[in-house]
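Dear colleague,

I am passing on the structure below, together with some notes on what was found in it. Please look through the sequence and the model before reading further.

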Amino acid sequence: MGGPRLEVVKFGFYVFFPVGVMLYFGGPDFYNNHVKSLKFWPDYETTYKPPTTSDEVKGALETMKAQREERWKQYREQQQQQQENKQ
């Protein structure tokens with residue numbers, strides 16, 4: 001091997017590289033230039049708001065059931081059309 005000088009250089013790199021990365025990426029300039037402009041969270045108006053009261057839950061459940069039944073109805077109609085087309 002490299003000898004003690006190489007070991008000192010490797011040790012310095014192992015210690016100071018993470019410190020330098022933290023200083024660069026953790027600094028306020030980097031945050032203001034690159035992170036602050038990102039829009040991470042969606043607007044509150046566009047997010048899903050789950051039902052909170054029991055009446056709202058029952059209404060949402062009925063809506064989901066109706067949508068599910070409609071999807072099954074469309075699926076069955078498609079299956080019947082495919083069966084008719086095969087014959």
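The protein chain has a radius of gyration of 30 Å, whereas a compact globule of 87 residues would have one near 12 Å; the radius is taken over C-alpha atoms, and the globule rule is 2.2 Å times the number of residues to the power 0.38. Please keep in mind that this is a predicted model, in which local features need pLDDT of at least 70 and side-chain atom pairs count only at pLDDT 80 or more, while totals for chains, interfaces and linings use all residues. Residues are numbered from 1 along each chain as its sequence is written, and side-chain values use heavy atoms, with hydrogens and water left out.

Taken along the principal axes, the box filled by the C-alpha atoms is roughly 80 × 45 × 25 Å. The chain has three helices and zero strands, helices (H or I, at least four residues) and strands (E, at least two) being DSSP runs numbered from the N terminus. Of the 87 residues, 3% count as buried, where buried means under 20% relative accessible area, exposed over 50%, and partly exposed in between (1.4 Å probe, protein chains only). The accessible surface comes to about 8800 Å², and 60% of this belongs to carbon and sulfur atoms; such areas come from the Shrake-Rupley method with a 1.4 Å probe, and for residues only the protein chains shown count as cover.

A nonpolar patch on the surface, with about 1300 Å² of accessible area together, includes Phe11, Tyr14, Met22 and Phe25. Patches are made of residues with over 30% relative accessible area and no salt bridge, like charges being joined within 9 Å and nonpolar side chains (Val, Leu, Ile, Met, Phe, Trp, Tyr) within 5 Å. Phe25 is found in helix H1, which covers residues 4-25, and Phe25 counts as partly exposed because its relative accessibility is 48%. The C-alpha atoms of Phe25 and Val35, ten residues apart along the chain, are separated by 9.9 Å.

There are two salt bridges, each defined as a side-chain nitrogen of Lys or Arg within 4 Å of a carboxyl oxygen of Asp or Glu. One joins the side chains of Lys10 and Glu7 at 3.5 Å, N to O, and both residues lie in helix H1, three residues apart, about one turn of the helix. In the other, the side chains of Asp43 and Lys39 meet at 2.6 Å, N to O; Asp43 is partly exposed at 36% relative accessibility, whereas Lys39 is exposed, with a relative accessible area of 59%.
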